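Biologist: I am new to this one. Please show it to me, and I will ask as we go.

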Amino acid sequence: MVDDLRKYLNHLLEKVNGLHCILITDRDGVPLVRAVTERAPPLALRPNFISTFGMATDQASKLGLGRNKTIISMYSSYQVVQMSKLPLVITFIGSDNCNTGHILSLESQIEPFLKDLEVVVADAP
Amino acid sequence: MENDLDKVVEEIMSMPNVNGCLIADPQGLCLASKGAAHVDSAGIIVAISEQACKIQPNMKPPTVCLETDKKQCLIQRHGTITGAIFKLKT
């Protein structure tokens, strides 16, 4: 199952110009499935970077605008799009000029595969 | 701020057989949309126009026409802005 999903994520990586990696992790940043190209910044793949999203989304949900779903962080040479699919988190890392709208539209294509993974994370002690 | 853009979108929507209109920025984020055009399709519309530009990189961006039995979608890039018009076929 995970191999099929990884293949599918690699296929999605090729479809979006400038997209370097797609990671599916749990709330703490522990990677479950990852599709990575050699251009992805190694530091951004570490759990201590990815897990900061958990705190950020919790704080963003307190702004009175409803529950936070997505955070887009633009850096000088990278962009990071993180989606809350609790108990899972999807992280996309791309170049700064990568098509953000195209990355956001991948959500609906990945979503059907998350149900099985959610069960795995929910069952973990 | 976006009044001028809204005016343009209204003008396009008033044309015969037009049932949707979308304007997107180079990042694939929607600036304006009306009618049948869905906000989420902005990224894909910009990606289609980017790919079409690669066919003849030295020429001005081409107009892409996606056609089905009943509908038509015209995609055109102008500078950094990409526009899409959804039309019903007569």
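Modeller: One definition to start with: helices (H or I, at least four residues) and strands (E, at least two) are DSSP runs, numbered from the N terminus. Keep in mind that this is a predicted model.

Biologist: Ok. Where is A:Pro87, then?

Modeller: A:Pro87 sits in the loop between β4 and β5 (88–95) of chain A.

Biologist: And the peptide bond from A:Leu86 to A:Pro87, cis or trans?

Modeller: That bond, from A:Leu86 to A:Pro87, is cis, and its omega is near 10°. For background, most peptide bonds are trans, and most residues other than glycine have a negative phi.

Biologist: Speaking of phi, what is it for B:Asn17?

Modeller: For B:Asn17, phi is near 70°, which is positive in a residue other than glycine. B:Asn17 belongs to the loop between α1 (3–13) and β1 (18–24) of chain B. Its relative accessibility is 37%, so B:Asn17 counts as partly exposed.

Biologist: Change of topic. How many salt bridges are there over all chains?

Modeller: Seven, from a search of the whole structure. The general idea is that side chains of opposite charge can pair when their charged atoms come close.

Biologist: Which residue does A:Arg27 pair with?

Modeller: A:Asp58, with 2.9 Å from N to O in the salt bridge. This pair links distant parts of the chain, 31 residues apart: A:Arg27 is in the loop between β1 (19–26) and β2 (31–36) of chain A, and A:Asp58 is in helix α3 (residues 52–60) of chain A.

Biologist: How far is A:Asp58 from A:Arg34?

Modeller: Their C-alpha atoms are separated by 24 Å, and A:Asp58 and A:Arg34 are 24 residues apart along the chain.

Biologist: What about A:Lys85, which residue does it meet in a salt bridge?

Modeller: A:Lys85 meets A:Glu111, at 2.7 Å from N to O. Here too the pair links distant parts of the chain, 26 residues apart, with A:Lys85 in strand β4 (residues 78–85) of chain A and A:Glu111 in the loop between α5 (107–110) and α6 (114–123) of chain A. A:Glu107 also joins in, as A:Lys85, A:Glu107 and A:Glu111 are linked in a network of salt bridges.

Biologist: Why does A:Lys85 count as buried?

Modeller: Because its relative accessible area is 13%, and buried means under 20%. A:Glu111, with a relative accessible area of 38%, is partly exposed.

Biologist: Now chain B. Which residue pairs with B:Glu67?

Modeller: B:Lys89, in a salt bridge of 2.8 Å, N to O. B:Glu67 is in strand β3 (residues 64–67) of chain B, while B:Lys89 is in the segment after β5 (81–88) of chain B, so the two are 22 residues apart and link distant parts of the chain. B:Lys89 is partly exposed, with a relative accessible area of 36%.

Biologist: Which helices supply at least two residues each?

Modeller: α4 (100–105) and α5 of chain A, along with α2 (42–53) of chain B. By class, the pocket lining has six nonpolar, seven polar and four charged residues.

Biologist: And how many cavities of 30 Å³ or more?

Modeller: One. The largest cavity has about 40 Å³ of space. Residues from chains A and B line it, among them A:Lys15, A:His102 and B:Glu50. α2(B) gives the most to this lining, with three residues.

Biologist: Where is A:Lys15 found?

Modeller: In helix α1 of chain A. A:Lys15 counts as partly exposed, at 42% relative accessibility.

Biologist: Last one. Which residues form the nonpolar patch on the surface?

Modeller: A:Met1, A:Val2 and A:Val120, with about 250 Å² of accessible area together. A:Met1 lies in the segment before α1 (2–15) of chain A, and at 53% relative accessibility it counts as exposed.

Note on methods
Residues numbered from 1 in each chain as written. Chains lettered and ligands numbered in written order. Predicted model: local features only at pLDDT ≥ 70, side-chain atom pairs only at ≥ 80, totals over all residues. Heavy atoms only, no water. Salt bridge = Lys/Arg side-chain N within 4 Å of Asp/Glu carboxyl O. Buried < 20%, exposed > 50% of the residue type's maximum accessible area, 1.4 Å probe, protein only. Nonpolar A, V, L, I, M, F, W, Y, C, P; charged D, E, K, R; others polar. Patch = residues over 30% accessible without salt bridge, like charges linked within 9 Å, V, L, I, M, F, W, Y side chains within 5 Å. Areas by Shrake-Rupley, 256 points an atom, 1.4 Å probe, with all protein chains shown as cover. 1 Å grid on protein atoms, 1.4 Å probe; cavity = no way out; pocket = protein on both sides within 12 Å on 5 of 7 lines; lining within 4 Å. Points joined across faces, edges and corners; volume = space filled by probe spheres on them.
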